[in-house]
Amino acid sequence: MKLWPRLLRSVPVDKALGYLALAAKAGKLRVGELDISKSVQRRKGSLLILAQDAGASTALRAQKMTEIFPVPMLRTVYTKSEIAAAIGRSNPVALVLVRDDGLARAFSEASRKEL
């Protein structure tokens, strides 16, 4: 049995989602409000990413977090399930924090090109 067809199924087709997958592999991604808020308070975040179909309360909490602490926020065109699939999670993910400046910039540029 060949290994590469299985590997190709797990690789994100979208370039921006590929950067999220890379950040997750490198350990430069935080998921979940508690982990994200701790990282933002410690000034360890580079970009806060909000899913397109995130709830209003999640969006409001993320907005308040970025008003208090200087972290840029980007509302993407990707859904919670697309983000979760890209980073290897089975549950939907509405909010992620990229902790690397280069990966945050690359994701931001790539997601703008996808529009």
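This is a predicted model: local features need pLDDT of at least 70, side-chain atom pairs count only at pLDDT 80 or more; totals for chains, interfaces and linings use all residues.
Lys-44 counts as partly exposed because its relative accessibility is 43%, where buried means under 20% relative accessible area, exposed over 50%, and partly exposed in between (1.4 Å probe, protein chains only).

Residues are numbered from 1 along each chain as its sequence is written. Local features need pLDDT of at least 70 and side-chain atom pairs count only at pLDDT 80 or more, while totals for chains, interfaces and linings use all residues; side-chain values use heavy atoms, with hydrogens and water left out.

The search of the whole structure finds one salt bridge (a side-chain nitrogen of Lys or Arg within 4 Å of a carboxyl oxygen of Asp or Glu). This salt bridge joins Arg-61 to Glu-33, with 2.7 Å between the closest N and O atoms. Arg-61 lies in helix α4 (residues 56-68) and Glu-33 in helix α3, so the pair ties together parts that are 28 residues apart in sequence. Both residues are partly exposed, Arg-61 with a relative accessible area of 39% and Glu-33 at 32%.

The protein chain contains six helices and four strands; helices (H or I, at least four residues) and strands (E, at least two) are DSSP runs, numbered from the N terminus. The elements follow the order α-α-β-α-β-α-β-α-β-α from the N terminus on. Of the 115 residues, 41% count as buried. The accessible surface comes to about 7,100 Å², of which 52% belongs to carbon and sulfur atoms (Shrake-Rupley method, 1.4 Å probe).

Contact means heavy atoms within 4.5 Å. Among contacts between residues at least 6 apart in sequence, 81% join residues at least 24 apart. Ser-111, in helix α6 (residues 101-114), is buried, with a relative accessible area of 8%. Not counting residues up to four places away in sequence, Ser-111 touches Ala-16, Leu-74 and Tyr-78. The C-alpha atoms of Ser-111 and Tyr-78 are separated by 9.1 Å, the two residues being 33 residues apart along the chain.
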